[in-house]
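Please have a look at it first.

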Amino acid sequence: MQFEPPKLKKHFLDHLEAIVGPDGYSVKNLDRFNYSRDSNFKSTIRIHHSALEPLPDVIVWPKDTRQLQALVRLAIRTKMPMIPFGGGSGVCGGTIAETGGMIVDMKKMYRLLKVDSANLLATAEAGIMGYTLEKELQRKGYTLGHFPSSILCASLGGYLAARSAGQNSTRYGKIEDMVRELEVVTGQGEIVQTRDVENGDGLDLNQIFTGSEGTLGFITRAVLKIYPLAPCQAFRGLRFKNMKTGIEAVRRIMQTGLKPSVVRLYDEIDTLLFMGYKKNKGITEVVKGLASPLKKLFMSTSLWGALSAPKLVSPVLQHLPTGCLLILMHEGVERLVREEQKIIMEICRDLGAEDLGEEPGRVWHEHRYSVSYKASPLFHSGAFIDTIEVATTWDKMEALYSAMLKAMSSHCLVMAHLSHAYPEGGSFYFTFLASLGGLKKSEALYDLIWDKGITACQETGGVISHHHGVGRLKKKYVDREWGGGAALYRRFKDYYDPHGIMNPGKLIELKREKKEKVA
Amino acid sequence: MLETFSKLMEYCTYCPRLCQSACPVAMTEGNESFSPWGLMQTLNQLRKGEIPLDSELAALSYKCLTCKACTTQCEHGNEIPPVLHEVRKEAVARELAPPEISGFLNKFHKHNNPFSKDLLQKLKNILPSKYFDMNPQTIYYPSCTTIAKCPEVVHDTFELFEKLKIDFVGVYPEAIQCCGYPLISGGMEYDFIDLAEVNFHALKKYKTIVSGSPACVYTLRETYKKYDFGLPGKVVTINEFLEPYLHNINYRLKKSMRTKLMYHDPCYLSRYLNEVSLPRELIAHVSGYQPMEFFDHGECTHCSGQGGCYSITSKEASDEIARRRLEEVVEKKVQTLVTQCPSCVHKFRKNSERLVVKDLISYLNDSIEGVKE
Amino acid sequence: MFHLHKISLIAVVDPEMRVIDYEQKLNAEGLTSGYRPVTGMQTPLSACLAERTANLFFLKYGGIEELCVGGAVVTPQGVAFPIKDYPRAATGCDLRRVVIGSRGLLGQFREGSLKVFPLPEALVWGLALFEGPEAALEGVRRMVGSFIRPLFVRIMEEKEGSGLLRSLNLSEEAKVVLAFKLGGLKGMVEAEREAVMKLNEADNVLFHWPVRPAEVEVLDQTLIVREPCLDFWTKYAPLAGRNPASPATDGEEALKKYLRENPC
């Protein structure tokens, strides 16, 4: 593995050191190596083959907004690309230093600054880790209500930059629903404060910067909505005959106006994997006899048989008689939780669901972050995996599910669950598995699966990301996604990043960049 | 050298760094390279022969407290410290370890302890001579950090023994020296083996060895075994030793001891020795109250910042780790912090002016007046 | 133009339609827009979208930015583009939400897709009598913190409060009256009613639940139907975790200026 030396001038480093001090930056090769990728699976495929991603030239750890502002101004003078970095949990390659430059790790700005119990608001610096933030809030009797499966490894800045969603988003909303105010250091080198304009007058700067993935500026601080910890939690698992009735149930539940914390519907293969949890007695009982041969299939060499011939195996798996599992979690005052459960159970019974009791829900909750641990054993044994999360309105849900499944399943093993639900629609979370070959072959297969999946999604009218963001991975689809609306983003980009240094090569393929290359 | 760890290292390499928010080093220094993920994915490249072991990589291997918070977080149960120990050993052998490590070793060799002081002399000033002359079967093994940094714990231990009429415990008198924990943890294996051999011969005659330092207990009980110096007698924590006496003896309690306190689980006690409920039971036993808890407690505790030679190579960050841990104590408006590890006691005292930091033994001794006649 | 997607509960409308006409069309289908602009029901939807006109019923249904799920936009330079309907996305900035409230700077809706809701099965007015404004605020905080989302909340102090009690022929005296209107599924509204009382049990808060048509009429007329209700926002801003109408920040003004000089 060869590390190209950083392309930096002594003069630049002197300026850098004047801003952040001698311990505030690193040009060490090992640090550059460790900042060359986030958690996107294309990079994981590459590291499996000891292939590098582009290295940043330097990593910087600013301690406060002023230092960061000085860094941006230095970068403007030296035309140095700047890439924000939080926890490195991103799965779209949004923090890869595509053209080298300066990675700005925000983790030294890690404070929960204020908890305003009168207005139920919390102010925190962007570098705080999601889990730390939630723990500190819970220590004080509050919750952000944001529980993404990346909570252990994502930062608040990352949540905001990529429009993260937690597993309880049905109740608490996504991060863009929680954000009230932001402090941003833009690519102009200015500090911009935003304000809360929800249900009121004003230009919504929060919604410009949230989701901008570092291409307009650095989010340094945020004011967020918080809630008192719920006094009561309840869980339920139900089994539906198929996805069609399951989707219908989730739609009806959401359109009653109720706000259960978690509503997740697993398709047949995903249901099967769910049963893999050791403690999952309740559901394994229900599908006794099925679980064991299929578990074997997944755990043994026959998995590789399945992965080498997905065209043959996928149709079989997709028609397993496991049924589709619905997981429900309720939170709140006990009286309301009971009523909510009663209403929802009626809806599900009307659609022929089988009540599996509270066990599957509890097991789900206990293992809510486990899914992220599953990738390592798979890669280790020679398979690659990734997930695609898309969203649409209810009228298109079933079509979206079928179209994407069909488009992808001849190339890989694919499963899905309806992961987040709203009155007007929801999101599907597809997981795909394929076997690793040589580097070139694996990368090509990976790209092909993504292309098939995303194209099917766009053709059906879905949005190509619900909560992972775009990054490097999906940027070539964004022009089609936004249509003429991209003109708005380009205007923001012109204004906030006139020097083109903010996280270049992410979010959208800028026409300006293309033109320059042609010229 | 690392092939035995290949599965673990591969798992870490492919993991979206799920343990990082549990890692005090990663969270305090903010550098991905120092997270268990960064350490393992980098060393995995060393294993695969993609990068060489140089001083930069050697220094990286010291960016760990060996507190195993990551292991608790990891659903695969991956243990990072053994991997790092291998690299540190190699680094020391090839003279690639950070200068602080060789400096430490020089200092250590003066009196066979990390403090360059004659600790036996100091111990003799703390304890009456009778404890040195009794030829006992059970001895108390005071850790060097206890003698050097919190000597009152030694005093309180024997005072408590007196109050509870425990009269058969002597003190380890042989040219008092370290158990070797910092040596083995820092990768100084040869020096550790020499020391362990001497200690083994001095300690093998005792039936029971009691220590108030979890790292000493772990080293004497577990690490010595790995180097064929397994002690024939029992090595027990002070709590394990005291528990039956505290439950069976009828003693008087001081009423004034019912102050609000928090208990900090030392990582070696809770994660290496699995002693989580016993200290709490003892506190409840003498005070009638459960101690207040940190949000991260028990096996999910946070290291005080002193472990694994990290405080030698990364002084400032190590203090910062302690200060961050203490924030929660201040937030809860608690004045007394009880823990049971001389390194934790020392670290917390060093990083807090106002807080009363006590070893659990001192707390017990303060609470108990004496046996009812 | 008016098209209803009954599966997704989305209405596609011509923004020039007045809110009152839109609401009536929906009511005929057993639905509601969930929207009651503080500028009055005569306001056209286009103005509401352009100015992000506050919704009196935002606690339950959200503001207009939450109601709008897509549509068709034309920029000041005349670039027309559709925004597909979707619940939430993570594809860059939210084009819907930046256009809404931009007063045309970023574009105007030529077509709007708005969420609609089933008409509430049950509607219940509640009055809670508190010792002072801070106690009443705490009462609301408890409600909102427990996800009890009334259509409408109002804290009435001194004369305003006692005036309301008198108009309902209630003899109690109270420094502060908290009036709120619960709505939704019958069972849920009943559960919310009980939960609200339970939440305030320890403070001995007195509750009235006016049910007679005449009483309901008085409350609806005094608190909701009166138009416009522009004083609403400043008074209740903190209740939903929002800062009271803070002025535009320098950053916001600067962007507006830039967009005026460099239209999209």
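This is a predicted model: local features need pLDDT of at least 70, side-chain atom pairs count only at pLDDT 80 or more; totals for chains, interfaces and linings use all residues.

The side chains of E32(B) and K107(A) meet in a salt bridge, 2.4 Å from N to O, a salt bridge being a side-chain nitrogen of Lys or Arg within 4 Å of a carboxyl oxygen of Asp or Glu. Across the interface of chain A and chain B there are six salt bridges by this rule. Residues are numbered from 1 along each chain as its sequence is written, chains are lettered from A and ligands numbered from 1 in the order in which they are written, and side-chain values use heavy atoms, with hydrogens and water left out.

Chain A brings 42 residues and chain B 41 residues to their contact (heavy atoms within 4.5 Å). Together they bury about 4000 Å², 51% of it on carbon and sulfur atoms, where buried area is the accessible area (1.4 Å probe) that two parts lose on being put together, summed over both.

Turning to chain C and chain A, the contact takes 77 residues from chain C and 79 residues from chain A, and the buried area is about 6600 Å², with 60% from carbon and sulfur atoms. Within the area that chain C buries against chain A, K84(C), R88(C) and F147(C) supply 11%, more than any other three residues. Seven salt bridges are counted between chain C and chain A, and R88(C) forms a salt bridge with D177(A), the closest N and O atoms lying 2.8 Å apart.
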